[in-house]
Amino acid sequence: MAINSVSIKFKPGTYSVFRNLQNKVWYAIGEYVDNAVQSYENNKTALIAVHGDDYQFMVDIDINWEQSYIRIFDNAGGINQENFPRAFEPANIPLDNTGLHEFGMGMKTASIWLSEVWTVRSAALGESEERLVTFDLQQVLADESEVLDVITTPKSAADHYTEIMLRGLTANAPSAFQMTKLKNHLASIYRKYIRSGQLLLRINTEALNYKDPEILNAPPTTDPEGRSLLWKKDISFTMGKYSAKGFVALLNELSTTEHNGFSLFRRGRVIEGSHDEKYRPKVICGQIGSPRHKRLFGELELEGFDVSFNKGSFQETSEIEALMDALKIELSSKSFNLLKQGDEFRKPKPKENTEKVAKSLVTSLNQENAEKPIEEKIVVSLQEIGNKDIDDNNTKLELRTKVIDSLSFTIPVKDETYHLKMELINEPSISNLYSLSIEDNGTFSKSAVYRINLSHPFFKRFELFRTDEDYKPVIHIIKSLVIAEIYASSQGTKGAGNVRTNFNNFLRNL
C-alpha cells in the first residue's frame with residue numbers, strides 16, 4: 001500500500017521549543033549516526049547477502065558553512081515502509097526499542113535544533129520506492145501543519161540508503177572552530193564500531209579513528225625489581241538488575257584531559273565519558289591532580305540503566321555511585337591492587353651522565369657569576385636583611401592573603417609535640433619564599449604554621465615549575481628546613497630563625 005503522508009501529531013508550536021533544548025552538537029549529530037547504526041544492525045544479514053563479505057557500512061557527514069547545510073548519508077538498510085511513518089511522528093517509540101533509536105525523538109529534535117529546513121530521502125533494501133519528506137519549521141508553524149507530504153519515486157529493490165539534508169543552519173550547528181572537538185567526540189562515542197571495522201565514519205571525507213591509549217606495563221610498587229605486569233583488569237559483575245562489563249587500567253603516560261577517566265557505554269556506544277569529558281568518580285579516581293587520578297582509565301558497558309533523551313547521561317546516578325563503590329573493592333584486591341599501583345607508581349627518570357651534568361652545571365653557573373658577581377648579590381641581600389619595612393610589609397600581606405590549601409601533621413621534639421601546618425599561598429608581592437610562626441599551647445604542646453608562597457619570583461625564574469610534581473622537591477626541602485629550625489632551637493641553638501631570614505633574602509638575589 002502506497003504511503004501518501006505521514007503524521008507529525010504534536011501541536012505545531014511545540015516544535016519551536018526543540019530549538020532551545022540543552023544539548024551538545026556531538027550528541028545532536030550522533031542521533032543520525034545512531035539511526036544509521038541501528039538500521040545496519042537490523043539489516044546486517046540481508047546487506048551481506050546482497051554485497052558479500054566486502055560490504056562496508058559507512059556514514060558520511062558533510063558540513064558546508066558557505067552554503068549553510070549539513071548532509072548525513074548512510075548506506076545501511078534504509079527506512080522501510082513499516083517504520084517510515086513512525087520516524088516522523090513525535091515520541092512514537094519503535095516496536096523494538098532495545099537499540100539505539102529508543103525514544104522516537106532523536107532525528108526530529110536534532111534536526112530542528114540544528115536547522116530551519118530538513119529533508120529525509122530514504123531507500124529501503126528490498127522495496128521498490130524511494131521516499132522523500134521535507135520539514136520546513138516556519139512553514140509548519142505558519143500553516144499549523146499536522147501532516148507532511150511524502151514524495152515517492154521508483155527505485156531498484158537492491159538500492160538502500162538514507163540521506164538527511166539540514167539547511168538554514170542555526171547557531172547550534174557546529175562552527176569551523178568546533179570541528180576538531182566534534183570529530184574527537186564522535187570517534188570516541190562510536191569507538192567500538194570503528195575499532196571493530198564495522199563502521200566507516202567520515203566527516204568532510206576524513207575517516208574518523210580512535211587511538212587506544214597505551215596501558216602501563218611495569219613491576220608492582222611492592223616489588224620494584226619483580227616481573228612487569230600489564231596493569232589492566234577485566235570487569236564483569238552484577239548488582240540486582242544492573243551490571244557492568246569492560247576493563248579498568250592504568251595509563252602508561254599521565255593525563256589530565258582526554259585519556260584519564262572512564263567511558264560509560266550502553267548498547268555499544270558511549271553515554272558518558274567521550275573524548276575530554278570523561279567520568280571520574282572520586283571514590284575510584286581519587287583526588288583531582290593525584291597520580292591515580294591522572295593514570296586510571298577504563299571502559300564499562302552498563303546494563304539496566306536508563307539514559308537522558310539526548311543519550312548524554314545516565315539517569316540513575318545513585319545506582320551508578322553504588323556500582324562504583326563495589327568496583328573500588330574489586331580494584332583494591334591484594335592479589336592485583338590496581339588503585340595502590342596508581343597511587344604509588346612513578347616512572348623512573350632516565351639516568352643522565354653525572355660527569356657531563358656536573359661540567360655543564362659549572363659552566364652555566366660560571367656564566368651567571370660573570371654577568372653579576374656573587375659578591376654584589378650578597379651585598380644587596382645583606383642590605384635587605386633586617387629591613388623593618390620589608391618585614392612589616394610581608395607580615396601585613398600574609399595576614400590578608402587567602403590560603404589556597406593546607407596540610408597538617410605532628411612531630412615529636414624531645415618531650416613536646418609540635419602540631420605543624422603547611423599553608424600554600426599565592427601572592428607575588430610577598431618577598432619571602434616561606435615563613436614560620438610558632439605558638440606555645442601550654443604544657444608539652446606547640447603549634448607551628450609555615451606558609452609557602454607559590455608566586456615567589458624563584459618559581460617564576462625557572463620554566464620547569466608547571467605541575468604539582470614539579471613543585472614537590474622544593475616543598476620537601478622547605479619542610480625539612482622548617483623541621484630543622486624547630487629541632488635546632490630544642491638543641492639549644494640561639495637565633496635558629498636567622499637561617500630562614502637569610503635564606504629568604506639570599507634566594508631573591510643569588
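In strand β20, N453 is the bridge partner of I425. Strands, as E runs of at least two residues, and helices, as H or I runs of at least four, are taken from DSSP and numbered from the N terminus. The model is predicted, so that local features need pLDDT of at least 70 and side-chain atom pairs count only at pLDDT 80 or more, while totals for chains, interfaces and linings use all residues. Residues are numbered from 1 along each chain as its sequence is written, and side-chain values use heavy atoms, with hydrogens and water left out.

Strand β18 (residues 416–425) pairs with β20 (residues 445–453) in the parallel sense over 9 bridges; two strands pair if DSSP finds at least two bridges between them. An open sheet of 4 strands with mixed pairing has the order β17-β18-β20-β19. Because β17 (405–413) and β19 (434–442) stand at the edges with a single partner strand each, one side of each is left without a neighbour in the sheet. From one strand to the next, the twist averages 20°. Helix α15 (residues 468–490) packs on the sheet and touches β17, β18, β19 and β20, contact meaning heavy atoms within 4.5 Å. The direction of α15 makes about 35° with that of β17; angles run from 0 to 180 degrees between N-to-C directions, and axes are lines fitted to C-alpha atoms, for helices over the stretch in contact.

Elsewhere, helix α1 (residues 25–51) packs against helix α5 (residues 179–189) at about 55°, their axes 10 Å apart. The contact is made by V25, W26, Y27, I29 and G30 of α1 with K181, L182, H185, L186 and I189 of α5.
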